[in-house]
Amino acid sequence: MAVRTRGADRLLAWGGAVSFLISLAFGVASYLGPFGRPIPLRAWPDEAEAIAINIGLFTLFAAHHSVMARGRAKAWIKSILPSHLERSTYVWIASLLFLMVCGLWRPVGGEVYRLESLAAVAAVALQAAGVLLTAAGVSILSWSELAGVRQALQATTHEVGEGHKTFSRGVYGFVRHPLYLGWMLMTLGTPHLTGTRLVFGVVSSAYLLAAIPWEERSLIAEHGEPYLRYRSQVRWRVVPGIY
């Protein structure tokens, strides 16, 4: 029974990681494909309805992220599931919700701009910077821990997890939330900004900015003085010199 349980736990954890990669790939395909196809502006009620539906979709995804990332929700999940599967459960649900968001996202009319020549190259460079920033941040946090794989493997092999965290390593010495900055650069730094891409980028970025105070309160509750020292060392949350 123990062997089958360990195998099931690992399968759940690796399945969550695969579901995350699939949802990420689908999001990229949606952004590059249907989100990038401009459509004519429609009557305001039609555009307002599409925007409202999109906001509702992302709010559902954001609510899951905000609620399940809080301490009480984590404790509740751990009361009904093994603690090492808490992160995997979160990843599974988040991935399925993101697939739903991208699949049901309503097109919004209009074409804000289409850059050419050097301006287009500069915009692509911004997006590339966002990709590199995100990759650097994930490498520091550890993709396996973010996906819940490390927790499941440690539990089934009786390994001891990492203790003290160094918060100001690499890009985390630049801003406190480099993954959020990377997301904004990737979604809003495009050389071709359609109405659909604009709403997707603005709504998702607005949520990230709004969620930061709650996220940092959770980090302070979890890590205490080390994170408070980190906040005093790295002043800017997302954009240096601005926020």
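Leaving aside neighbours within four places in sequence, which residues is W105 in contact with? They are F35, N54, L57, F58, T196, V199 and F200. Contact means heavy atoms within 4.5 Å.

## Basis

This is a predicted model: local features need pLDDT of at least 70, side-chain atom pairs count only at pLDDT 80 or more, and totals for chains, interfaces and linings use all residues. Residues are numbered from 1 along each chain as its sequence is written, and side-chain values use heavy atoms, without hydrogens and water.

## The nonpolar core

The largest nonpolar core has 33 residues. Such a core is a set of buried Ala, Val, Leu, Ile, Met, Phe, Trp, Tyr and Cys residues joined through side-chain atoms within 4.5 Å; buried means under 20% relative accessible area (1.4 Å probe, protein chains only). F58, F61 and W105 touch the most other members.

Two or more residues come from each of α2 (44-68), α4 (86-104), α8, α9 and α10. Helix α9 gives the most, with seven. Helices here are DSSP runs (H or I, at least four residues), numbered from the N terminus.

## Helices α5 and α8

The axes of α5 (residues 117-141) and α8 (residues 178-188) come within 7 Å and cross at roughly 155 degrees. The two are therefore roughly antiparallel (over 145 degrees). Among the contact residues are L126 and L133 of α5 and W183 and M186 of α8. The contact holds 12 nonpolar, five polar and no charged residues.

## Helices α9 and α10

Helices α9 (residues 195-223) and α10 (residues 225-233) pack at about 135 degrees, with axes 6 Å apart. Their contact includes H223 of α9 and Y227 of α10. By class, five residues are nonpolar, one is polar and three are charged.

Notes:
Axes are lines fitted to C-alpha atoms, for helices over the stretch in contact, and angles run from 0 to 180 degrees between N-to-C directions. Angles under 35 degrees count as roughly parallel, over 145 as roughly antiparallel, 65 to 115 as roughly perpendicular and the rest as oblique. Ala, Val, Leu, Ile, Met, Phe, Trp, Tyr, Cys and Pro count as nonpolar, Asp, Glu, Lys and Arg as charged, and the others, Gly among them, as polar. Buried means under 20% relative accessible area, exposed over 50%, partly exposed in between (1.4 Å probe, protein chains only).
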